[in-house]
Amino acid sequence: MKRSRFGGKVINKMQLKLPALSANEGMARAAVAAFCAQLDPMAVEIADVKCAVSEAVTNCIVHGYRDKEGIIYITVSLLEGRIAKIEIKDRGCGIEDVSEARQPLFTTDAAGERSGMGFTVMESFTDCLKVTSRVGKGTSIVMYKVFGGRSDT
Amino acid sequence: MCAAARDRKPGFDSEFTGEILKIKLRGEIDHHSAVAVRTAIDDMIKQKRPIKLVIDMSAIELMDSSGLGLIMGRYALMKELGGQTVVLDPSPRVEKIMSLAGLERIVRVEYTKQTVENKESRGHAERIASATMSTNTAQSNHKKKGSIK
């Protein structure tokens, strides 16, 4: 049976719950980056992770909870092989058509300030992105980042 | 507030000379900070009515796609008023995010002389590093072959 590239043993794990407030977007990025530091990432790799987390958390706030109250659930698992598995979930309104939502520039924002590039940026800066959602129940984003280089000294 | 937190505080500096409004964005540009700065920038645009808006991105430490929305919203307003928008000195990461959206085909991107020199020296350093790695790999392979009896 072919072993998944991301099926390695979990060597460490952290869970975080944050209110879905835009003021917490920076905290989410910093917390995930700090935890991933154990895998000795390069600066550019951590910057990739921070960007991807920022997109996912913003989606929870803007789209999942539509700027209403809610909780963002973040779980980071560090896997053998210097891999970070980052799960970001909300219990918001859910996405009716995930494939459509993942298209570049697709947005349900009518105000014209959202670019519709969140999923595209997440895909671009991570090694694997999985999105599952149920309307009325919420959305779960799982991203994998493989840290391949040595960290900067 | 410690120095690191102060540096990360989002915001912008502005300069208006000769009908050109220059906005220098600072810190981290995300959904939170974009909401905070876009109204202030729009108010300045409506008040000053510049013929050109320059969005200087050289001091940005992090940007996600909210920055794209920030640029696109200001571009739309400037276009409505008959003005031009330029993005100045985006970092390689910001350039990448812009290119994912094809934004560089819509909004003009410019670089200052120092940025062009930095890009050239960075490209030169990368070429040397790549050549050194290739040489080291070739030497390593040669030694391995030599050691086989």
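Predicted model: local features only at pLDDT ≥ 70, side-chain atom pairs only at ≥ 80, totals over all residues.
Residues are numbered from 1 along each chain as its sequence is written, and chains are lettered from A, with ligands numbered from 1, in the order in which they are written. Local features need pLDDT of at least 70, side-chain atom pairs count only at pLDDT 80 or more, and totals for chains, interfaces and linings use all residues, while side-chain values use heavy atoms, with hydrogens and water left out.

**View 1. The interface of chain B and chain A.**
In this view, 21 residues of chain B are in contact with 26 residues of chain A (contact: heavy atoms within 4.5 Å). The area buried between the two chains is about 1900 Å², and carbon and sulfur atoms give 53% of that area. Buried area is the accessible area, taken with a 1.4 Å probe, that two parts lose on being put together, summed over both. B:H31, B:R93 and B:L100 supply 32% of what chain B buries against chain A, more than any other three residues.

**View 2. Elements and residue classes on the chain B side.**
Eleven residue pairs, both residues at pLDDT 80 or more, are in polar contact between chain B and chain A. A polar contact is a pair of N or O atoms within 3.5 Å; within protein, one must be able to donate a hydrogen and the other to accept it, and residues adjacent in sequence count only if both atoms are side-chain atoms. On the chain B side, α2 (31–48), β3 (52–63), α3 (65–80) and α4 (92–100) each give two or more residues. Of the elements, α3(B) gives the most, with eight residues. Helices (H or I, at least four residues) and strands (E, at least two) are DSSP runs, numbered from the N terminus. By class, this side has eight nonpolar, six polar and seven charged residues. Ala, Val, Leu, Ile, Met, Phe, Trp, Tyr, Cys and Pro count as nonpolar, Asp, Glu, Lys and Arg as charged, and the others, Gly among them, as polar.

**View 3**
The structure holds nine salt bridges over all chains, and three are counted between chain B and chain A (a side-chain nitrogen of Lys or Arg within 4 Å of a carboxyl oxygen of Asp or Glu). B:D30 forms a salt bridge with A:R29, with the closest N and O atoms 2.8 Å apart. This pair runs from the loop between β2 (20–29) and α2 of chain B to helix α1 (residues 25–36) of chain A. B:E28 also forms a salt bridge with A:R29, and its closest N and O atoms are 2.8 Å apart.

**View 4. Domain 1 against domain 2 in chain B.**
Chain B is divided into domain 1 (3–111) and domain 2 (112–149), with bounds from an automatic or database domain assignment. Six residues from each domain take part in the contact. The buried area here is about 410 Å², of which carbon and sulfur atoms give 54%. B:D89, B:P92 and B:Y111 supply 83% of the area that domain 1 buries against domain 2. Zero salt bridges are found across this interface.
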